[in-house]
Amino acid sequence: MKSETLRIRICPRCGARYGRQPALSRTDGITLICPDCGTREALESIGVGTEEQEQILEAIHRSQQ
Ligand SMILES: [Zn+2]
């Protein structure tokens with residue numbers, strides 16, 4: 001068991017608390033953000049709008065339950 005993955009972090013981008021593996025922000029390559037924001041940034045980079053990003057995240061969350 002890796003304790004690293006169980007640590008609760010606060011995402012500086014959206015303020016959410018998360019215990020999953022963090023994602024590296026594409027904006028500076030240093031900041032650790034939550035997996036959701038990692039997905040948001042990835043979608044943003046391919047030109048997906050904010051509203052559609054949330055819809056995609058919702059679909060991802062549903063599939064993870
Ligand atoms: Zn976030």
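## Arg7

Arg7 is found in the segment that comes before strand E1 (9–10). The model is a predicted one. Is Arg7 buried or exposed? Arg7 has 12 other C-beta atoms within 10 Å, and a residue with 12 or fewer counts as exposed, so Arg7 is exposed.

Pro22 is 15 residues away from Arg7 along the chain. The C-alpha atoms of Arg7 and Pro22 are separated by 9.9 Å.

## Val48

Val48 belongs to the loop between H1 and H2. There are 15 C-beta neighbours inside 10 Å of Val48, which is why Val48 counts as partly exposed. The limits behind this are 20 or more for a buried residue and 12 or fewer for an exposed one.

Leaving aside residues up to four places away in sequence, Val48 touches Leu43 and Gln53. Ala59 is 11 residues from Val48 along the chain, and the C-alpha atoms of the two are separated by 15 Å.

## Helix H2

Helix H2 covers residues 50–64, a run of 15 residues. From the first C-alpha to the last, H2 reaches 21 Å, close to the 21 Å expected at 1.5 Å a residue.

How many of the 15 residues of H2 are buried? The number is 0, so H2 lies largely in the open.

## How H1 and H2 meet

Helix H1 consists of residues 35–45. The axes of H1 and H2 come within 10 Å and cross at roughly 135°. Angles over 145 degrees would count as roughly antiparallel, and those from 65 to 115 as roughly perpendicular; H1 and H2 are therefore oblique to each other. Their crossing is right-handed.

On the H1 side, the contact is made by Asp36, Thr39, Arg40, Leu43 and Glu44. On the H2 side, Gln53, Ile56, Leu57 and Ile60 take part. Sorted by class, the contact of H1 with H2 has 4 nonpolar, 2 polar and 3 charged residues. Leu43 and Gln53, which take part in this contact, are also the residues that Val48 touches, not counting residues up to four places away in sequence.

## The whole chain

The protein has 2 helices and 4 strands. Read from the N terminus on, the elements run β-β-β-β-α-α. Along the principal axes, the C-alpha atoms fill a box of roughly 35 × 30 × 20 Å.

Of the 65 residues, 11% count as buried. Among contacts between residues at least 6 apart in sequence, 4% join residues at least 24 apart.

Terms used. Residues numbered from 1 in each chain as written. Predicted model: local features only at pLDDT ≥ 70, side-chain atom pairs only at ≥ 80, totals over all residues. Expected span 1.5 Å × (residues − 1). Axes fitted to C-alpha atoms, helices over the stretch in contact; angles between N-to-C directions. Parallel < 35°, antiparallel > 145°, perpendicular 65-115°, else oblique. Left-handed = near helix turned anticlockwise from the far one by under 90°. Contact = placed C-beta atoms within 7 Å. Nonpolar A, V, L, I, M, F, W, Y, C, P; charged D, E, K, R; others polar.
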